[in-house]
Amino acid sequence: MYEAEKAAVLNTALEIKKCGLVSLSGGNVGLRADAGRFLVTPSGMIYEEMTPEDVCLIDEECHVMEGRRKPSSDSEALTYIFRHMPEVGAVIHTHQPWATAAGFAMDEIPECLVTIIDACAAPVRVAPFTPSSAVGMGVLAVEYAGGSRAVILKHHGVITFGADLKEALYAAVYLEEGAKTLMLARMANAVVPPLDPELIAREKAGWETYGQ
Ligand SMILES: [Zn+2]
């Protein structure tokens, strides 16, 4: 079941690896399959060594419905997010270094760059530390989302959400690019002024028609 969706989950996992958002087997990708069932990447597997059959189909209690692998150790957090954010179809968790570093420098990444405005939809808040491989990650992600497609987990990494895998992927990759730019500007002691909300709204309207 869900062959195309499993391949899409794996392709997204390979993309976050290629973009430098995770190393080795870090992070995970989750996709809502149908009511109460989700596809998640397996625990502790190198993405380049995975096949679509390694992607696990799990239920809301993280029981494996299909697949030969143990699901991601963050599955409890992923299913919590899916259960509490019904509009979300895909969740990505990364250890992306620039955004995580920004999480030590500020409480929120402001809408100061078009990439962040477009892909994240709202300022990206920094949630306090909570241990990994536990539901707390999901609880904090939902609590700190605030309309954004991304949350920074302090001392850990990032969780992004989207209606689909592409939206969650754009949020993760563009957040990293934006966080890097913002951190470099701060290191140069540059002033990064807040943008006019009216211009931010116009930027978002333009993003709605971006692409093919
Ligand atoms: Zn992690």
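Leaving aside its neighbours within four places in sequence, Ala 172 is in contact (C-beta atoms, placed from the backbone, within 7 Å) with Ile 16, Leu 21, Ile 92, Thr 94, Gln 96, Ala 150, Val 158 and Thr 160. The model is predicted: local features need pLDDT of at least 70, side-chain atom pairs count only at pLDDT 80 or more, and totals for chains, interfaces and linings use all residues. Residues are numbered from 1 along each chain as its sequence is written.

Ala 172, together with Val 91 and Leu 175, touches the most other members of the largest nonpolar core, which has 61 residues. Such a core is a set of buried Ala, Val, Leu, Ile, Met, Phe, Trp, Tyr and Cys residues joined through C-beta atoms within 7 Å; buried denotes 20 or more other C-beta atoms within 10 Å of a residue's own, these atoms being placed from the backbone. Helix H6 (residues 165-187) supplies the largest share of this core, 10 residues.

Helices (H or I, at least four residues) and strands (E, at least two) are DSSP runs, numbered from the N terminus. An open sheet of 9 strands has the order S4-S3-S2-S1-S5-S9-S8-S7-S6, with mixed pairing; pairing requires at least two DSSP bridges between two strands. S5 and S9 run antiparallel and are joined by 5 bridges, and Val 91 stands opposite Phe 161 in S9.

The edge strands each pair on one side only:

| Edge strand | Residues |
|---|---|
| S4 | 64-66 |
| S6 | 108-109 |

Helix H2 (residues 75-84) is largely enclosed by the rest of the structure, because 8 of its 10 residues are buried. Its buried residues pack against S1, S2, S3, S5, S9 and helix H5.

Methods. A residue is buried if 20 or more other C-beta atoms lie within 10 Å of its own, exposed if 12 or fewer, and partly exposed in between; C-beta atoms are placed from the backbone. Two residues are in contact if their C-beta atoms, placed from the backbone, lie within 7 Å.
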